[in-house]
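Here are my notes on the structure, point by point. Please read them with the coordinates open.

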Amino acid sequence: MSWITFENLYFLFLLAVTLHNLEEAVWLPDWAQQAGRWHRPIERIPFRFAVLVLTLLAYVFAYLGLMGGKQSVGIYLLGGYVFIMLVNVFFPHLLAAIWLKQYVPGLGTGLALNLPVCSGFLFVLLKEDYVSPWPLLITGGIFAGGAPILIRVLFKLGERVEEKYWN
């Protein structure tokens, strides 16, 4: 499988993140209004602001990873982002869909794009010594722990943006 290279997966990852975040930005705010205890209702503008920033952050980390090369801080930032996008397929998307017995926005792109692309990308990062297993796991854990905090902060910033520019 000669197409499974760092370069190809690099661009596929950016495409997958972009399409996944677009799916969420379009459909998740309305879905969250009726999700009950599984997901609190969210406002469109703050959520879309957060999704936009998170998408741009993926591009920043991808750039830093590409420029930094093997074993650089940048490649670990990219690897951490790839890791959290892989985790995101299962929690909350797949778990919520099973629990609620309904489609959850982001599940389709999560399963069709993020699952294979992020799995393959992590495999290549490890196999070609771009990252080492333990530092990648630590970085992924930091991302997993920090993501909920960052998302809350971005929602608050998004609320301010909405107040200033849309009210």
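1. A definition comes before the residues: a relative accessible area under 20% is called buried, over 50% exposed, and anything in between partly exposed. The model is predicted, and the values below should be read with that in mind.

2. The count of salt bridges comes to two. One of them joins the side chains of Asp30 and Arg44, with 2.3 Å from N to O. This pair links distant parts of the chain, since Asp30 sits in helix α1 and Arg44 in helix α2, 14 residues apart. Asp30 has a relative accessibility of 40% and therefore counts as partly exposed. Arg44, at 39%, is also classed as partly exposed.

3. The pair Glu159 and Lys156 also forms a salt bridge, and here the closest N and O atoms are 3.9 Å apart. The cut-off for a salt bridge is 4 Å, so a distance of 3.9 Å is counted. Both residues belong to helix α5 and are three residues apart, about one turn of the helix. Glu159 is partly exposed, with a relative accessible area of 35%, whereas Lys156 is exposed at 53%.

4. Which charged side chain is buried yet has no salt bridge? That is Glu24, for which the nearest side chain of opposite charge, Arg48, is 11 Å away. Glu24 is placed in helix α1, which covers residues 6–33. Leaving aside residues up to four places away in sequence, Glu24 touches Pro29, Phe47, Asn88, His93, Pro105 and Gly106.

5. The largest nonpolar core has 44 residues, and the members that touch the most others are Phe6, Phe13, Ile75, Leu78, Tyr81, Phe121 and Leu125. The elements giving two or more residues to this core are α1, α2, α3, α4 and α5. Helix α1 gives the most, with eleven residues. For Leu78, contacts beyond four places in sequence are Tyr10, Phe13, Phe61, Ala62, Gly65 and Phe121.

6. Phe61, one of the contacts of Leu78, lies in helix α2, residues 44–68. Is Phe61 buried or exposed? Its relative accessible area is 12%, so Phe61 is buried. With residues up to four places away left out, Phe61 touches Gly74, Leu77, Leu78, Tyr81 and Phe143. The C-alpha atoms of Phe61 and Gly79 are separated by 8.7 Å, the two residues being 18 apart along the chain.

7. Phe11 is another aromatic residue to look at; its place is in helix α1. With a relative accessible area of 56%, Phe11 is exposed.

8. The backbone deserves a separate check. Most residues other than glycine have a negative phi, and most peptide bonds are trans. Where is there a cis peptide bond? The bond from Phe91 to Pro92 is cis, with omega near 20°. Pro92 is found in helix α3, residues 73–100.

9. Lys101 has a positive phi, near 55°, and is not a glycine. Lys101 is in the loop between α3 and α4, the latter being residues 107–127. The relative accessible area of Lys101 is 75%, so the residue is exposed.

10. Asp129 likewise is not a glycine and has a positive phi, about 60°. Asp129 lies in the loop between α4 and α5, where α5 is residues 133–165.

Technical notes. Residues numbered from 1 in each chain as written. Predicted model: local features only at pLDDT ≥ 70, side-chain atom pairs only at ≥ 80, totals over all residues. Heavy atoms only, no water. Helix = DSSP H or I, 4+ residues; strand = E, 2+ residues; numbered from the N terminus. Buried < 20%, exposed > 50% of the residue type's maximum accessible area, 1.4 Å probe, protein only. Lys, Arg positive; Asp, Glu negative; His and termini not counted. Contact = heavy atoms within 4.5 Å. Core = buried A, V, L, I, M, F, W, Y, C linked by side-chain atoms within 4.5 Å.
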